[in-house]
Amino acid sequence: MDKVFVHCPACGKGFTHENVSNGKALGLFGGAAAGATVGAKIGLFLGPIGAIGGTIPGAILGGVFGKNYGKKFDRPRCPNCGTNFQLPESLE
């Protein structure tokens, strides 16, 4: 966990942000688990082999979408105006 000093692109206020990736990690694993569950349930209509076949792509797609959604929670939020913005690449 690194602390970085950032400036809000909307209002210019400077503040310290704790650079963590908990949201991305939780989104990845939670999305993969949910995707595997849904994929297995959909695959049950095709029998046991379909359930196995639905689990793997469901986990992959769920992990990708969950990771992308979880990144939103890792972004800094300005305490002054509430703007949520992405960190510059040099600080990630």
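A: A residue is called buried under 20% relative accessible area, exposed over 50%, and partly exposed in between, using a 1.4 Å probe and protein chains only. By that scale C11 is partly exposed because its relative accessible area is 36%. C78 has 3% relative accessibility and therefore counts as buried.

The model is predicted, so local features need pLDDT of at least 70 and side-chain atom pairs count only at pLDDT 80 or more, while totals for chains, interfaces and linings use all residues. Residues are numbered from 1 along each chain as its sequence is written, and side-chain values use heavy atoms, with hydrogens and water left out.

The number of disulfides (pairs of cysteine sulfur atoms within 2.5 Å) is 0. C11 takes part in none, and its nearest cysteine sulfur belongs to C78, 3.6 Å away.

As for confidence, the protein has a mean pLDDT (the predictor's confidence in each residue, from 0 to 100) of 76, and 80% of its residues reach 70 or more. Among helices (H or I, at least four residues) and strands (E, at least two), which are DSSP runs numbered from the N terminus, strand β1 (residues 2-7) has the highest confidence, at 83. The lowest is in helix α1 (residues 22-43), with a mean of 72.
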